[in-house]
Amino acid sequence: MSSSDVVPGTSQASTSGWLATVGTAAGWAWDGLKVTGSVVNDIGANTTRNTISSTATVAGGVVGGWSGSAIGAAVGSLVLPGIGTAVGSFLGGASAAVMAGKATIVVTDRILDDMNYDIETVSCEKCGRGFRLKAYKEGRDKLCYRCK
């Protein structure tokens with residue numbers, strides 16, 4: 001077989017490869033913006049919880065998306081090899097990434113709340129009642145929710 005016998009890739013294959021690359025880059029850029037926004041918020045509030053939460057959520061979504069994509073591709077291949085693999089991979093990856101990201105938010109918030117991470121107990125300046133101040137979310141409020 002000579003080098004002239006090699007069939008070059010079709011335009012469809014190169015287009016889908018390009019689209020996948022652009023989609024992946026856009027996803028990473030979006031995730032980077034989310035984490036960067038959390039870092040900026042944390043710097044302003046003198047906390048770190050937003051950064052930890054968003055980083056965990058991005059990681060959970062990525063792992064969930066990869067897993068869901070593999071499972072979706074396998075199921076799609078069983079149903080309709082070829083196009084079913086591609087459709088199953090996309091649908092499985094997208095849905096699993098969203099669900100894993102949402103689940104990671106719930107779990108991370110629960111763990112950090114139980115640890116009282118960036119949560120302080122302070123006295124209201126108006127009524128004197130103690131309240132839990134979520135500094136990462138509310139800033140350094142001096143009043144409880146009743147007195148606001």
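These notebook entries record what I looked up in a predicted model.

**Basis.** I number residues from 1 along each chain as its sequence is written. In this predicted model local features need pLDDT of at least 70 and side-chain atom pairs count only at pLDDT 80 or more, while totals for chains, interfaces and linings use all residues; side-chain values use heavy atoms, without hydrogens and water.

**Salt bridges.** I took a salt bridge as a side-chain nitrogen of Lys or Arg within 4 Å of a carboxyl oxygen of Asp or Glu, and the count comes to five. One of them joins K34 and D31, with the closest N and O atoms 3.5 Å apart. Both residues lie in helix α1 (residues 11-45), three residues apart; helices are DSSP runs of H or I of at least four residues, numbered from the N terminus. I classed residues by relative accessible area: buried under 20%, exposed over 50%, partly exposed in between (1.4 Å probe, protein chains only). D31 counts as buried because its relative accessibility is 16%, whereas K34, at 38%, is partly exposed.

I next looked up D114 and R110, whose side chains meet in a salt bridge at 3.6 Å, N to O. They are separated by about one helical turn, because they stand four residues apart in helix α3. Both D114 and R110 are exposed.

For D141 and K148 I noted a salt bridge of 2.8 Å, N to O. D141 is partly exposed at 28%, and K148 is exposed at 59%. Salt bridges with shared partners also join R49, D109 and D113 into one network.

**Y145.** I found Y145 in the segment after α4 (135-138). Its relative accessibility is 62%, so Y145 counts as exposed.

Technical notes
Helix = DSSP H or I, 4+ residues; strand = E, 2+ residues; numbered from the N terminus.
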